[in-house]
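I've kept to the spaces inside it, one surface patch and a few salt bridges.

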Amino acid sequence: MDNDNALAEKALEPLVAAAKNNARALMVLAEQARRSGDLKRCHELAQDALKLKPDDREIVSDARALLARTVPGWHFPMLQDDIRNQAFQEAIERAVRPGMKVLDIGSGSGLLAMMAARAGAREIHSCEMNPVIAAMAEQIVRQNGYADQVSIHAGSSRKLDPDADFGGRADLVISEIIGKDFVCEGVLPSMQDAVRRLAKPDARFIPQGGEIRVALAHYAKLDHRKIGEVCGFDLSLFNQLGSARFNVQVNDPALSLRGKTADLFAFDFASAEPQAERVTLDLVASGGTVNGVVQWFRLQMDEFGSFENHPGPDSSRSWALIFFPFAEPIDLNPGDRIGVVGSIVTNRLRIRQARSW
């Protein structure tokens, strides 16, 4: 816990002591803990309120709504992404052997851990940083009959002790902590730590790696995102405060690829070697007007299977794409090249134009 959270907790605890028999007051303090970023305390206080008033419909409803606000909404479409789920299931079934010990980084609902249990793994240790999600995953695992094989650890994999927490290193590491830009959920440092401390030297990884993919593109709605004249005033300077990137759905009809696909970064999760943090790459145009670069990713599940949220009208993947706009649109001929610079800074991907064609 950082210093700000520690101070917030210190200020909160006298109020908790005074409210220990008041469910409504505990709910107010649970919300305060959520706002300060202490999700663990938020969950504990909400549970305490529910124990005091398990039949109070208002308390039950408020607790459920509060805890739901701690869970990112992307979990739900991701769990309904059949292609993603099938890719993981097939790779897990190919990798699991009887007696295996599995480490699952990023429990979520517990789905991947239960896949490993169903495939025959002896024990699965699954870690989840969000304590609200971890508690729910534990209930889901128990409800599905896998509590004897699957253990849920509330916390980061980087805080696990392989000997104390699960009796030695894992034979197989499963992870699904991939954000839209691949890196924003901390997958790279987590995988490097798993290789060094948590996995056996010959352990397998699912996915075993992946690529950040890019292409020149035209987004027809880009001008709609820009502010110009409003109520007779020129507000165009306000565009300088806008984000340098924004999400686009994989099947958005306003998005057109205008170049060849290229891999900006490639990652091998079984390697603990540091990854490149900056890459310069020439993207080849197919022709037409280009106003930015679109980014997506590909996961290499194993030597047999992969998953990719490639843009296209028939795609329906749960992960969105990211569009990085240029300062001005550019008209290109087939074969023209645009230089772009990609960088990974503090688990965040940045892409900018390097030079004109």
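1. The largest cavity holds about 30 Å³ of space. Keep in mind that this is a predicted model. A count of cavities of 30 Å³ or more comes to one.

2. What lines the largest cavity? You'll find L188, M191, Q192, D268, F269, S271 and Q275 around it. Helix α10 (residues 187-198) gives the largest share of that lining, three residues. Sorted by class, the lining has three nonpolar, three polar and one charged residues.

3. Now the largest pocket, with a volume of about 710 Å³. Its lining runs to 22 residues, and A68, V71, F76, V132 and M136 are the ones nearest the centre. Two or more lining residues come from each of α3 (39-52), α4 (57-68), α5 (75-79), α7 (111-118) and α8 (131-143). The largest share, six residues, belongs to α8.

4. V230 sits in strand β7 (residues 229-230).

5. Salt bridges next: the whole structure has 19 of them. One joins R41 to E44, with 2.9 Å between the closest N and O atoms. Both residues are in helix α3, three residues apart, or about one turn of the helix. R41 is buried, with 12% relative accessible area, while E44 is partly exposed at 28%.

6. Another bridge pairs D263 with R213, the closest N and O atoms being 2.6 Å apart. This one links distant parts of the chain: D263 is in strand β11 (residues 262-268) and R213 in strand β6 (residues 209-219), 50 residues apart. D263 is partly exposed, at 35% relative accessible area, whereas R213 counts as buried at 17%.

7. K221 and D252 form a salt bridge too, with their closest N and O atoms 3.9 Å apart. Here the link is between loops: K221 lies in the one between β6 and β7, D252 in the one between β9 (246-248) and β10 (255-257), and the two residues are 31 apart in the chain.

8. One last item on salt bridges: through shared partners, E13, K40, R41 and E44 are joined into one network.

Notes
Residues numbered from 1 in each chain as written. Predicted model: local features only at pLDDT ≥ 70, side-chain atom pairs only at ≥ 80, totals over all residues. Heavy atoms only, no water. 1 Å grid on protein atoms, 1.4 Å probe; cavity = no way out; pocket = protein on both sides within 12 Å on 5 of 7 lines; lining within 4 Å. Points joined across faces, edges and corners; volume = space filled by probe spheres on them. Helix = DSSP H or I, 4+ residues; strand = E, 2+ residues; numbered from the N terminus. Nonpolar A, V, L, I, M, F, W, Y, C, P; charged D, E, K, R; others polar. Salt bridge = Lys/Arg side-chain N within 4 Å of Asp/Glu carboxyl O. Buried < 20%, exposed > 50% of the residue type's maximum accessible area, 1.4 Å probe, protein only.
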